[in-house]
Amino acid sequence: MQQIRQYVETHKSRFLDELVDWLKIPSISADSAYKGDVERASDWLVAEFGKLGMDRVEKYPTAGHPIVYAEKIIDDQRPTVLVYGHYDVQPPDPLDLWTSPPFEPVIKDEKIYARGACDDKGQAYMHVKAIEVLNDQGELPCNVKFIIEGEEEVGSVNLGDFIRTYKDMLAADIILVSDTSMIANDTPSITVGLRGLSYVEVEVVGPNRDLHSGVYGGSVANPVNVLCEMITALKDEQGKITIPGFYDKVEVLSDAERAKLAERPFDLQEFKDSIGISATGGGESDYSPLEGATIRPTLDVNGIWGGYIGEGAKTVLPSKASAKISMRLVPNQDSDEITKLFSDYFSSLAPDSVKVTVNPHHGGEAAALSIESIGYEAASKAMEDSFGKTPIPTREGGSIPIVALFQEVLGLNTVLMGFGLHSDAIHSPNEHYGIFNYLKGIETIPRFHQHFAEMAKK
Ligand code: BES
Ligand code: MN
Ligand code: MN
């Protein structure tokens, strides 16, 4: 046990240098201008796997960005761990809010600052380094397979087909993912629930051109006003979403289950202070803020535009208005069904004075994972070894839609052993990842393989 920690300690500066090198590649999957960089980030990873002496390293092209696959099979009799992660990153905008450029990684205050530092290059790379650590300890305890994709941040649109096509190649006993957070550095946790997602873009169109707001205002409905009214109608005063049927399939937790989840440490004041708000909001009045952000579904506007937004005042009655709206879903809700319910209801809210279109974007299903599995047990023991504390099972509000598909297509359970913190500012300016967290991950993952090999002996 000491040996693993020792190896990580000895090699930590190289581990950091390597990650910095990868973080310099702007692998922004959403922006086609970066297609070549996304490709380069995948090539970089292929080269790393090459150095590790994997049996097989392959880049699978898709209609979008490539999937990197690697495997090392020690012995058919041993269990197989399939690691999933993503090397694509979110766009870094707004750039002017970064204190150092997003693709010029800087180490400051024991943290590494760069887009993708935590989500998910830093966390995915811990698994690559874990193989190096295990190689150093002798033989790998488990067979290992990797899928590191380049389209997670754009909905993993080609990954479903990939896992269906290569089902046999991907045969495994457990899926291991580090793409979530823990409660705090001194409070390790394992994620046992993720929310699903339904994401739509709506457009409200009124007159056939922008109009003079003095000449026409008062006789022509303003699409921006109408859009705002329609959005307002989507929630009532208790914070309940008003779409008929929206809550029909929502997983209802018993009071005991809610009480259990509420046992995890959560400092409301610290939460508010960390993001500069004086009161929480946005959720249902009969659920706590922590519940609102984890076990309950939501509806939020992610972006809204229309009319004149340049300098000064332009008197205009805009011809159209748009918004991007996300609904975070919980277990048993079906994202396609919710998208349909939204679409029907939203269209029904439109007055005759406008035309409305609803365009669905990618979506995905929620995941609920059991703590009564050897995968969870192995992760719990591994974290206990390296943190000296038993991790707490938690539900998180973010989404990793492929987790539900892994269950459905491959019939496999996933363990979400993430090492990030909510304060890491993923998707925000100044994303960072603690060096402590990065190294703890590299220390804990090999222990997972060891415990899992022991517990899943065939
Ligand atoms: N790693 C995140 C998801 C996450 C973050 C889960 C923190 C739990 C805690 C992932 O990269 C992500 O951002 N997912 C997207 C969904 C996707 C379909 C674009 C999300 O949650 O918005
Ligand atoms: Mn991620
Ligand atoms: Mn993300």
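Donors are N, O and S atoms within 2.8 Å of the metal (3.2 Å for Na, K and Ca), and water is not among the atoms, so sites may look incomplete. His86 lies in strand 3 (residues 80-86), and Asp179 lies in the loop between strand 7 (174-177) and strand 8 (189-194), so the pair ties together parts that are 93 residues apart in sequence. Four donors count as tetrahedral if all angles lie between 85 and 135 degrees; four count as square planar and six as octahedral if opposite donors are over 155 degrees apart and all others between 65 and 115; anything else is irregular. Ideal angles at a metal are 90 or 180 degrees for six octahedral donors.

The model is predicted: local features need pLDDT of at least 70 and side-chain atom pairs count only at pLDDT 80 or more, while totals for chains, interfaces and linings use all residues; side-chain values use heavy atoms, with hydrogens and water left out. Residues are numbered from 1 along each chain as its sequence is written, and chains are lettered from A and ligands numbered from 1 in the order in which they are written.

The manganese ion (ligand 3) is coordinated by Asp119 (OD), Glu153 (OE), Glu153 (OE) and His427 (NE2), at 2.1 to 2.6 Å. The spacing of these donors along the chain is D-x33-E-x273-H. Glu153 is in the loop between strand 6 (143-149) and helix 4 (159-165), and His427 is in the loop between strand 17 (414-416) and strand 18 (432-434), so the pair ties together parts that are 274 residues apart in sequence. The six donor atoms around the manganese ion (ligand 3) subtend angles of 55 to 155 degrees, which makes this arrangement irregular.

Asp120 is found in the loop between strand 5 (111-113) and helix 3. Helices (H or I, at least four residues) and strands (E, at least two) are DSSP runs, numbered from the N terminus. Another cis peptide bond runs from Asp93 to Pro94, with omega near -5 degrees, and Pro94 is placed in the loop between strand 3 and strand 4 (106-108). In the loop between strand 4 and strand 5, Asp109 has phi near 50 degrees, a positive value in a residue other than glycine.

Helix 3 (residues 121-136) packs with helix 2 (residues 35-51) at an angle of about 20 degrees, with their axes 10 Å apart. Axes are lines fitted to C-alpha atoms, for helices over the stretch in contact, and angles run from 0 to 180 degrees between N-to-C directions. Helix 2 is therefore roughly parallel to helix 3; angles under 35 degrees count as roughly parallel, over 145 as roughly antiparallel, 65 to 115 as roughly perpendicular and the rest as oblique. The crossing of these two helices is left-handed, meaning that the near helix is turned anticlockwise from the far one by less than a right angle, whereas clockwise is right-handed. Trp44, Leu45, Glu48 and Phe49 of helix 2 and Tyr125, Val128 and Lys129 of helix 3 make the contact, defined as heavy atoms within 4.5 Å.

The axes of helix 1 (residues 2-23) and helix 3 come within 10 Å and cross at roughly 140 degrees, and the two helices are therefore oblique to each other. Helix 1 passes helix 3 in a right-handed crossing. Residues of helix 1 in this contact include Tyr7, Phe15 and Trp22, and those of helix 3 include Tyr125 and Lys129.

Helix 10 (residues 374-387) and helix 12 (residues 435-455) pack at an angle of about 135 degrees, with their axes 8 Å apart. Helix 10 and helix 12 are therefore oblique to each other, and their crossing is right-handed.
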